[in-house]
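User: I have a multi-chain structure here and want to learn how its interfaces are described. Can you take me through it?

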Amino acid sequence: MKNIWLVMKAEIVKQRRHDYHSYFVWFSLLLWPVLGFLEVYYTYQPFSFAGRGGIQDSQDLLAFLGTGYMGYTCFWSMVQNAWSMSWEERQGGTLEMAFLTPANRLAMHYGKALGALIQEVWMFCCFCLFILFRTDTLRWDNLLLLPVFLGLLLLASTVWGGMVGALCLFSRDSSLIMDFLETPMNLFSGTRIPVSSFPLWARALSLLFPLTYCLQLIRMLLHIGEPGSQMLSSFLGLGLCMAAMIGITVWVTRRVERHNRETGELNFF
Amino acid sequence: MIQAEHLSKTYVLRERNGLFRRKSRREVPAVKDISLTLPPGKIVGVLGVNGAGKTTTIRMLASLISPTSGSLTIDGMDAVKHHLQVKQQVNVISGGERNLYWRLTARENLRYFGNLYGLSGRALEDRIHRLLALVGLTEVQDTPVERYSKGMKQRLQIARGLINDPRYLFLDEPTLGLDILIAKDIRALILRLARERNKGIRLTTHYIQEAEELCDFLYVLEKGTVIAQGTKEQLRSLFQRPPKLVMQEPDLEEILMEILRQRAGGTAETDRAAGSAAPGVSPEEKTGGGL
Amino acid sequence: MLIVWSTYKRIRTGILRAVPWSFMVSRVATGVTQILFPYFLYRYFMKGNLSPAFLRYTGGADYITYIVLGSALNVLAVSTLMNVGRALITELREGTLEVLLLAPASRGPYFAGCLWEQTARALLEFGATLLVGALLGARLGPLFSLSALAAIGLAILSFFCMGLLLSGVMLRTRDTYITQNTLFVTMSLVCGVVFPIPYLPEWVQRLAQVFPLTPAVELFRSAVLRQEPLSAHPGWILQILLLSGLYLLAGVLWNRRLEKTMLENIFG
C-alpha cells in the first residue's frame, strides 16, 4: 500500500515538473478553456433560448455551461495529457525504464491521471467556480455542496484518466483515440446541450460516456436545469461506468505487460 | 548468481498483406539455446556483430522479455515466473541519451525512479546524494537534463541504473558515442562497481578494447548462438598463436591523452580516477541548438 | 520549381509514413464538431427558434448554411496555418533544419512547396467539412461561382502569409502546440465563425480585424449566401490584401533574422 502511494506520488510530482515548466503554459491552460467557454456562450446568442431546458436567462445559461465545461475540461485534459505523455515517454525511452521497475502499473496510471488533473485544470475550475458564485448557483448557504461536487469530479476524472492513459500508452497512433473521443464526448455527454433535449438515438449514445452521469449528478446537486431527473439512476450509472473503466484499465495493463514480455514491444494496437 | 540455461527467443512477426487479407506469421529466431552465468563481482562481456542477439539476451536476462524456452534463475529464484520480484535486483543501463526525463533535473529523475522502486525519504535522498557524487554530477544536480552534455547524460543514466542498488547490472554499449576521456571515466566506474561493490555486471560492447580491459569472462555471439566463450587467456589460447613482438609508435589516443593531461596541469587525470572530479563538460558548454 | 516539388514530396512521404491518416481525420473532425454543436443546438434544443437580432445581423441567412460556411473556412485557415507554421520547426526537431539552412535553396520556394503540399490537403479537409454540412442541410449550390472560388483563393493567400509569421513565432518559442492552439481558439471565437461578431463587445470586434479570417469569412458568406459579386465588397478585399502584405513582410523579415541566429546556435 505504501509503495502504491509512493508510485502515485512520484507520478504526480513528475507530471508537475515535466509538463509545466513555463508560466506561458499555465496561462494557456486557463486561456483556452475560457475562450472555448465564451465561444459556446456566444453560440447560444443567435437563439431565443429563454425557458428551454430549465434555462431562464443568461445567468442560468452561464451556470449550465460553467458546470458542463468544468466537467468536460477535467475529462478532456485526461485525454490530452495521456496522449502527449504517451508520445513523450515512448520517444524518450522512459516508458521502458518504468516497465523495468517492479512498480505497480495501475498506481502509475492513476498517479499520472491525478497529477495531470491537479496540474492542468485547477485554474479553469477556479474560473468556473467564480461563474457559479456570480450566478448564485453556489451560495454561502449551500457551500457544503462544493467539496461533494469537487470530490465527485476528481474521482470520476481520475478513473477515466487512468483508463485513457492505459489505452494511449500502448497504442501506436493514439491521436485517433483523441479524435474519436473528443467530438462525441463533447457533444453527447451534455456539456453544452441538455441530454434531455436529444433525440432517442443521441440519448442512447450519451449513456456510454461516464461524463454524462457525472454532469447529471453535479447539475442535480446544484439545482441547474430541469428538475425531475433521477438522482439514484445517475448515481448507479456513474458507479457502473467507473467499475467498467477500472476493469478495462486492469485488463489492458495486464495484456500489455504480457504482450511486452513476449515481443519486447510496448506498442500494442 | 544469474544462471541462464538453454535460453531461446523467437519473435513472431505478424505482417499484414493488404488491407483485408489475413496477417501472415513469420517466426524470427533471435537467440538460440544460449547458456551463460553471471556471478556477483564479475564483469562478463558479450561480443558480437549487430544482430547477433546481444540486446535480446540482455532484455531476457533483465526480465524485460520472457524467453520462448529455457530457464533463467537469479539467486536461485525463477526469474521468468517471478519477474516483478527479480526487477528489484537488476537494472539496465544503455548507451545514448534516452531513458531520462529531459525536463527534470538529475535529482528529480533519480527521485522519480527511486520512488518507482519503493524507495523514499531519508534513505532515498542519501542514496541520490551518494550516486550523484559517484558519477560526478553533484554540482549540476539541479540543472534540467536537457542542458547536459552527452557524457553527463550517460553518467546520469548510470546513476539511474544504480538507484535500486541492484545486485546485477546490464550495460548495453555504455560508452557509445562518448569521447575518450569520458569513456575512460565510465570504464573506471564500471570496474569499481564490480570490484568494490560486488555487482555482477554484464557488458555488451562493440569496442573490443573495452571488453579486453574490463571483462573477466567473455561470450562471443553469432546469429543468436554462443560460438566461443572463456577468459581472455582462454580465448587467446584457442589458436595457439605465438606472441608477436611489435615495435609500435605511440598511438593517437595516447598522444591525445598526453596533450589533455598537460593542458590540465596533470591534476585532472588523478582526480578523475578517484571519481570526484567535476563533470568533464559544464552545462554551459552545451546550450545552443538543442531542443 | 525543383525545390518546391522536392519539398512537397518530402513532406508528403514523411506524413504518409508517420501518421497514415490521423492528421486529416483530426482536422475534419474538428470542423465537423464545430458544425455539429450549433446544429444540435438549432435542431434539437432550440427547434429553429432564432432571435430577430441574428436575422438582422446576417441579412436573413439560413442558420445551418451560415455556420457550415464559417466552420469550413476555419478548417481551411487552421490547416494552412498549421502546415506552413510548423514546417520549419519540424525540421528543427528532426535535425534536418541545419541541412536545409546550409542548402543554397532560398526560403521562398521552400515555403511555396509547403503551401502546395498543404493546399491540396487543406482543400480536401475543407471539402469534407462542406460535404458533411451539405448532408446536414446547408444550401451550398452557389459555392461553384466565380466569386466564391475567388474568395477561397484570397483566403488561402492570406492564411499562408500569416503562416509565415507563425512559423517564425514557433521557431522563436520552440513550441508548436501552445502557439497554434492559442491562435486557433482565439480565431474561432472572435472571427465570426459560428456566430455574427456584433454579439461580441466592441473592442473584441475591433481586435478581430487583425485576423484575415474575419473579412474572408464575410466575403465567402456574401458570395455563397447572397450570391453577391466580389466587387460589392472592396473594403474586405482590401483588408485581406493589406493584412496578407503585412504578415508576409513581417514573416519574411523575422524568418531571415531568426535563421541567422539559428545557424549560430546549431553550429556555434
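User: What makes two residues of chain A and chain C a pair in polar contact, and how many such pairs are there?

Analyst: The rule finds four residue pairs in polar contact across the interface of chain A and chain C, both residues at pLDDT 80 or more. A polar contact is a pair of N or O atoms within 3.5 Å; within protein, one must be able to donate a hydrogen and the other to accept it, and residues adjacent in sequence count only if both atoms are side-chain atoms. This is a predicted model: local features need pLDDT of at least 70, side-chain atom pairs count only at pLDDT 80 or more, and totals for chains, interfaces and linings use all residues. Residues are numbered from 1 along each chain as its sequence is written, chains are lettered from A and ligands numbered from 1 in the order in which they are written, and side-chain values use heavy atoms, with hydrogens and water left out.

User: Which elements of chain A touch chain C?

Analyst: Helix 2 (23-43), helix 3 (58-92), helix 7 (175-188) and helix 8 (200-206) of chain A each give two or more residues to that side. Helix 2 of chain A gives the largest share, twelve residues. Helices here are DSSP runs (H or I, at least four residues), numbered from the N terminus.

User: How many residues on that side of chain A are nonpolar?

Analyst: There are 23 nonpolar residues, with ten polar and five charged. Nonpolar means Ala, Val, Leu, Ile, Met, Phe, Trp, Tyr, Cys or Pro; charged means Asp, Glu, Lys or Arg; the others, Gly among them, are polar.

User: How many residues are in contact between chain A and chain C?

Analyst: 38 residues of chain A are in contact with 38 residues of chain C. Contact means heavy atoms within 4.5 Å.

User: How much area do chain A and chain C bury?

Analyst: They bury about 3,500 Å² between them, 74% of it on carbon and sulfur atoms. Buried area is the accessible area (1.4 Å probe) that two parts lose on being put together, summed over both.

User: What are the domains of chain B?

Analyst: Domain 1 (1-13 + 27-89 + 166-241), domain 2 (100-164) and domain 3 (249-281). The bounds come from an automatic or database domain assignment.

User: How much do domain 1 and domain 2 of chain B bury?

Analyst: About 1,100 Å² between them, 64% of it on carbon and sulfur atoms. In domain 1 of chain B, B:Gln88, B:Pro166 and B:Leu189 lose the most area to domain 2, together 35% of what that side buries.
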